[in-house]
Amino acid sequence: MWLVVLPFYLAPPDLVPAHLNAAGEVNRWGSKLEALALPLIFTFVVRATLPILLVAPSNGARRRSAASPSLPQ
């Protein structure tokens, strides 16, 4: 994502396309700083939730296996 946004930030124009409609036409323009907002938000969200997502399934699996009795063979 940063590779896509960085050229917009380094480019000379102050306004960059901020939103496209279904036909692919620009229907909203934004500043260069606005173009950096989405990657920043995405980076913080991923960094905040990834550790939780990596730990949560293993805890749930342990609880399920401990709660269910083993079947006799």
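How many bridges join strand β1 to β2, and do the two strands run parallel or antiparallel? Five bridges join strand β1 (residues 15–20) to β2, and the two run antiparallel; strands count as paired if DSSP finds at least two bridges between them.

## Basis of the model

This is a predicted model, in which local features need pLDDT of at least 70 and side-chain atom pairs count only at pLDDT 80 or more, while totals for chains, interfaces and linings use all residues. Residues are numbered from 1 along each chain as its sequence is written, and side-chain values use heavy atoms, with hydrogens and water left out.

## Overall architecture

The protein chain contains two helices and two strands, and along the sequence these elements follow the pattern α-β-β-α. Helices (H or I, at least four residues) and strands (E, at least two) are DSSP runs, numbered from the N terminus.

Of the 73 residues in the protein chain, 8% are buried, where buried means under 20% relative accessible area, exposed means over 50%, and partly exposed lies in between (1.4 Å probe, protein chains only). The chain exposes about 6,300 Å², of which carbon and sulfur atoms supply 71%; accessible areas come from the Shrake-Rupley method with a 1.4 Å probe, and for residues only the protein chains shown count as cover. Among contacts (heavy atoms within 4.5 Å) between residues at least 6 apart in sequence, 28% join residues at least 24 apart.

Within the paired strands, P17 has W29 as its bridge partner in β2, and L20 stands opposite V26 in β2. P17 itself belongs to strand β1 and is partly exposed, with a relative accessible area of 38%.

The hairpin of β1 and β2 has five residues between the strands, and G24 takes a positive phi near 85° there. N21 lies in the loop between β1 and β2, where its relative accessibility of 28% counts as partly exposed. The side chain of N21 reaches the backbone nitrogen of A23 at 3.1 Å, a polar contact in the sense of a pair of N or O atoms within 3.5 Å, of which, within protein, one must be able to donate a hydrogen and the other to accept it, with residues adjacent in sequence counting only if both atoms are side-chain atoms.

## R28 and the salt bridge

A search of the whole structure finds one salt bridge, defined as a side-chain nitrogen of Lys or Arg within 4 Å of a carboxyl oxygen of Asp or Glu. The partners are E34 and R28, whose closest N and O atoms are 2.8 Å apart, and the side chains of R28 and E34 are also listed as making a polar contact (2.8 Å). Both partners are partly exposed, E34 with a relative accessible area of 34% and R28 at 41% relative accessibility.

R28 is located in strand β2 (residues 26–31). Leaving aside residues up to four places away in sequence, R28 touches V16, P17, A18, H19 and E34. R28 and P17 are eleven residues apart in sequence, and their C-alpha atoms are 6.4 Å apart in space.

## Distances to K32

P17 and K32 are 15 residues apart in sequence and 9.3 Å apart in space, whereas P13 and K32 are 19 residues apart in sequence and 8.2 Å apart in space. P13 lies in the loop between α1 (2–10) and β1, and its relative accessible area of 43% makes P13 partly exposed.

## A nonpolar surface patch

M1, L38, F42, V46, L50, L54 and V55 form a nonpolar patch on the surface, with about 660 Å² of accessible area together. Patches are made of residues with over 30% relative accessible area and no salt bridge, with like charges joined within 9 Å and nonpolar side chains (Val, Leu, Ile, Met, Phe, Trp, Tyr) joined within 5 Å. One of the patch residues, V55, has its place in helix α2 (residues 32–67) and counts as partly exposed at 44% relative accessibility.
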